[in-house]
Amino acid sequence: MRRLLLAAAVLAAFIVAPAARAWTWPVEGTVLRAFALTADPYAGGQHRGIDVAAPEGSPVRAASSGTVSFVGSVPNGGKVVTIQTGSGYAVTALQLGSTAVVRGAAIEEGAIVGAVGPSSDTVTAEPHVHLGVRVAAEPEGYVDPLSLLPPRSPAAPVPQPVPLPQPVPAPQPAPAPQPVAVQQLAPVPQPAAPQLPPPPQGQPPSAQQPVQQPGAPGRSRCQSSSRLRSPSPPRRLDRCRRLDRRRRLDRCRRR
Ligand SMILES: [Zn+2]
């Protein structure tokens with residue numbers, strides 16, 4: 001882990017180092033208008049620099065180290081500062097509201113040369129800095145500043161500690177299945193017992209119905225009476241059977 005952090009720090013140092021080379025953004029803002037220059041320097045739509053947005057009053061830094069060759073104002077350009085670099089470029093910052101350097105001064109890269117002023121550009125109305133870079137020996141030797149400035153993003157990475165691997169949580173046992181709540185079901189209505197159709201007329205009675213013996217009505221009636229009151233032993237039935245009908249009935253009723 002320590003070796004990895006050391007390697008990251010060394011790598012970051014190599015990445016940060018080129019940012020300290022010859023070019024610095026004058027302000028920290030977005031590019032509102034890009035560089036545009038065709039072979040015909042008098043054609044329309046030319047833009048001999050880039051417009052970098054910044055709030056009015058923001059400090060404007062020297063894009064490169066060199067000697068201040070011009071401080072003044074230009075039509076539609078506000079206050080202007082031009083620096084002659086050791087590498088042969090004339091670097092001009094326009095649309096300034098104020099200047100902080102004098103002609104002939106030696107300027108280090110990143111030093112404050114002025115502040116952003118109100119825009120006097122007819123195309124870019126927002127406050128901004130117009131940065132123009134020209135090969136000083138060529139009157140029309142403008143180059144795209146973006147080809148010289150360090151890339152805006154990503155920013156120089158700050159070595160971040162490598163996050164430790166997160167401990168993998170132990171697999172949790174699957175939750176036991178919850179018993180399904182037994183629903184209190186309403187009693188299912190039982191189907192009604194099928195109603196047996198009444199026996200057709202003229203058919204003999206079924207075996208379950210008591211068969212009326214035609215020859216022994218008294219016995220049947222006596223048996224019925226005895227059954228209704230109390231079970232009688234067969235001996236009593238025999239005696240009952242021997243009596244005449246009236247007496248039999250009376251005795252049966254008494255019991
Ligand atoms: Zn411009």
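This is a predicted model: local features need pLDDT of at least 70, side-chain atom pairs count only at pLDDT 80 or more; totals for chains, interfaces and linings use all residues.
User: Why is Val68 called partly exposed?
Analyst: Val68 has 19 other C-beta atoms within 10 Å. Buried would take 20 or more, and exposed would take 12 or fewer, so a value in between is called partly exposed.

User: Good to know! Where does Val68 lie, and which residues does it touch?
Analyst: Val68 lies in strand E4, residues 66-74. Setting aside residues up to four places away in sequence, Val68 touches Val81, Ile83, Val101, Val102, Arg103, Gly104, Ala105 and Ile107. Val68 and Val81 are 13 residues apart in sequence, with 7.1 Å from C-alpha to C-alpha.

User: How do you know that E4 pairs with E5?
Analyst: Pairing takes at least two bridges, and E4 and E5 have eight, in the antiparallel sense. Phe70, for instance, stands opposite Thr82 in E5. The two strands form a hairpin with three residues between them, and Asn76 in the turn has a positive phi of about 60 degrees.

User: What makes E4 and E7 a pair?
Analyst: Two bridges join E4 to strand E7 (residues 106-107), and the strands run antiparallel. At least two bridges are needed, so E4 and E7 count as paired. Gly66 stands opposite Ile107 in E7.

User: Which residues have the most contacts inside the largest nonpolar core?
Analyst: They are Val60, Ala93, Leu96, Val129 and Leu131, in a core of 25 residues. The largest share, six residues, comes from E6. Leaving aside neighbours within four places in sequence, Val60 is in contact with residues including Ala93, Leu96 and Val129.

How values were computed:
Residues are numbered from 1 along each chain as its sequence is written. A nonpolar core is a set of buried Ala, Val, Leu, Ile, Met, Phe, Trp, Tyr and Cys residues joined through C-beta atoms within 7 Å. Helices (H or I, at least four residues) and strands (E, at least two) are DSSP runs, numbered from the N terminus. Two residues are in contact if their C-beta atoms, placed from the backbone, lie within 7 Å.
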